[in-house]
Amino acid sequence: MALDRREFLVRTGCVLAAAAVGTGCGRERADGHATVATTPAGDPEWEAVREQFALSDDYIHMSALYVASHPQPVREAIERYRRELDANPVVYLNANNRRLVGESLAAAARYLGVDGDRDIAITDSTTMGIGLVYNGLRLEPGDEVLTTEHDYYATHEALRLASERKGVRVRHAVLFEDSRSVSEDQLVDRLMESVGPRTRVMALTWVHSSTGLKIPVGRIGEALRRVNDGRAEDERILLGLDAVHGFGVEDVTVPELGCDFFMAGCHKWLFGPRGTGIVWGSPAGWRRCLATVPSFLDDGTHEAWLAGDEVSGRTDGARMSPGGFKPFEHQWALAEAFRFCEDIGRARIAERTHALARQLKEGLAAMPHVRLHTPMQASLSSGIVCFEVQGMGPWETVDRLREKHIVATVTPYATRYVRLAPSIRNTAGEVDTVLAEIHALG
Ligand SMILES: Cc1ncc(COP(=O)(O)O)c(C=O)c1O
């Protein structure tokens, strides 16, 4: 059953909470959209959230880390914009593109907790953002980029290309031998021990899709600031973050992370339109970065081209947004995804996702035939849960679960595990069903 926005807000607890405790629930925000206050996470509320998705009921979808199913407000916005574009593409585009992209960027800035949208680029995906940033950085031959053995293909391949293009050296630190017994101190120490005098960039991933480990980005940022204090501006180490598996789950803002580049697709845990992503860059980061794809959002470059002038001004989000015509209806509907998450409440999303992941991990850890690879602590994990079933390869495990209509995936790394990703679309009952099916594999 589909709910309209007001019904959704009511069912997620907003109106009840306002009546019961006189919270600020239902207040208009500055942008004219209603807020939802935090209420105790009862199942009826989460049922209302589930109803926003058009997911088939005959599967248990533990796959939010992969690609989003659009919730109702996002689906409706895409449809609305598609109809307008189909009816009058040139006139609608010319009249509305700037305003609607601006709304998506403003919503992103609010969600990221940053001041204004000047430093946010709009991209198609995490991979696009990573490629543009690491290959756009002004690096000299002999400079070093430090990443880890545990990062994803998108980071490693972007850095390999940067190294071919610029002659930079890429080092891969080993952060742990066993993800189950890792500590925050160990992660920070191993990284900082690997920093050398020519290190200019640290290229990391917030939540690893290989094991589900979440790294302590804030602490790493602090440690880097201490090293950078003694360095000239151009020699400071920039912290780049593939943030996709924390974005839309963790209740943490960009300033709290302290990174220089926050690069994420919006089409996974955030449930944004497929084919959308963002990059936020710090002023120090953008200063050392050049765009690769001409921007259609940057008046400075286009105006200069028209006038035959030199391009002036620094790199910023608009200049880093790759131009060309887009699936505009998806870029414009992105604002709705941020509102959807804000209406539910970031803290509640984080709490709910962690609670379901913890239930799953505790159940798996108690099974003698299962080896869990994701740390139990909330500080070192998020929504991704990775494990192996003894005597059964990961593909076979995923196939056996698929026969039971449970959607799990295999980690796309040299060492492969089975991966489940419970999210706000799932219930505790579904986690129990999944655990029972995994138990039956033993
Ligand atoms: C860590 C990580 N980064 C990036 C990606 C790719 O994201 P996108 O589809 O937004 O490029 C994935 C997996 O799909 C991933 O696991």
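Author: Helix H15 (residues 346-365) packs against helix H17 (residues 428-440), with the two axes 10 Å apart and at an angle of about 20°. Helices here are DSSP runs (H or I) of at least four residues, numbered from the N terminus, and axes are lines fitted to C-alpha atoms over the stretch in contact, with angles from 0 to 180 degrees between N-to-C directions. The angle therefore makes H15 roughly parallel to H17 (under 35 degrees). H15 passes H17 in a right-handed crossing (near helix turned clockwise from the far one by less than a right angle).

The model is predicted, so local features need pLDDT of at least 70 and side-chain atom pairs 80 or more, while totals for chains, interfaces and linings use all residues. Residues are numbered from 1 along each chain, and side-chain values use heavy atoms, without hydrogens and water.

In a second pair, the axes of helix H5 (residues 89-112) and helix H14 (residues 328-344) come within 8 Å and cross at roughly 30°. H5 is therefore roughly parallel to H14, and the crossing of H5 and H14 is left-handed.

At the ligand site, the residues around the ligand include Ser125, Thr126, Tyr152, His245 and Gly265 (a heavy atom within 4 Å). Polar side-chain atoms of Thr127 and Asp242 each lie 2.5 Å from the ligand, Thr127 from an oxygen atom and Asp242 from a nitrogen atom. In Lys268, a side-chain N or O atom is 2.9 Å from a ligand oxygen atom (polar contacts are N or O pairs within 3.5 Å).

Definitions and conventions: A polar contact is a pair of N or O atoms within 3.5 Å; within protein, one must be able to donate a hydrogen and the other to accept it, and residues adjacent in sequence count only if both atoms are side-chain atoms. Helices (H or I, at least four residues) and strands (E, at least two) are DSSP runs, numbered from the N terminus. Angles under 35 degrees count as roughly parallel, over 145 as roughly antiparallel, 65 to 115 as roughly perpendicular and the rest as oblique.
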